Amino acid sequence: MSKLSLTTTIDIKAPVAEVWKGLTDPEIVKQYFFGTNVKSDWQVGSPITFSGEWEGKTYEDKGTILEITPGWYVKYSYWSSMSGTEDKPENYADISYGLNEQDGVTTIAITQDNIKDEASKEHSEKNWQMVFDGLKKILEK
């Protein structure tokens, strides 16, 4: 069975450097990403973790930075402790954020692979839009 992938974009009226900071600064991430604590040194091969509490349950999601062009692009592997799947390589997705700025508007292109079905794909896409809409509100005020 082949897995699905998605790409979704959101435009933010802010310079690319501010958007990048919004994606990588733990204080800002926590404000729009469901209160998540993100930890990484943003170097290829380094761990990335997302931890916090959701609906009364603590979680620690994790992955590894696979590629990075600071200020423009990052790709990391990702496994969610709340996914109900075992922590093994085939249960990790690759997620990337690519940035592009034009005329003071930065577009974030988010990609995610290893999605099990169409319903999960729609759920993920809605989540990404909701998450980055939060970042947009922070950066555009």
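Me: Where is Met82 placed?
Reply: Met82 is in the loop between β5 (73-78) and β6 (93-102); strands are DSSP runs of E, at least two residues, and helices are runs of H or I, at least four, numbered from the N terminus. This is a predicted model, where local features need pLDDT of at least 70 and side-chain atom pairs 80 or more, while totals for chains, interfaces and linings use all residues. Residues are numbered from 1 along each chain as its sequence is written, and side-chain values use heavy atoms, leaving out hydrogens and water.

Me: Why is Met82 called partly exposed?
Reply: Its relative accessibility is 39%, and the label covers what lies between buried (under 20%) and exposed (over 50%), using a 1.4 Å probe and protein chains only. So Met82 counts as partly exposed.

Me: What makes Gln112 buried?
Reply: Gln112 has a relative accessible area of 13%, so it is buried. It lies in strand β7 (residues 105-115), and its contacts beyond four places in sequence include Leu4, Ile95, Ser124 and Trp128 (contact: heavy atoms within 4.5 Å).

Me: What makes Lys75 and Glu67 a salt bridge?
Reply: The N to O distance between their side chains is 3.8 Å. The cut-off is a Lys or Arg side-chain nitrogen within 4 Å of an Asp or Glu carboxyl oxygen, so the pair qualifies. Lys75, at 22% relative accessibility, is partly exposed, and so is Glu67, at 38%. The structure holds six salt bridges.

Me: How do you know that Glu90 and Lys88 form a salt bridge?
Reply: Their closest N and O atoms are 3.5 Å apart. Glu86, Lys88 and Glu90 are linked in a network of such bridges. Glu90 has a relative accessible area of 48%, so it is partly exposed; Lys88 gets that label too, at 30%.

Me: Asp133 and Lys137: what separates them along helix α3?
Reply: About one helical turn, because they are four residues apart in helix α3.

Me: Why is Lys137 called exposed, and what is Asp133 called?
Reply: Lys137 has a relative accessible area of 57%, so it is exposed. Asp133 has 29%, so it is partly exposed.
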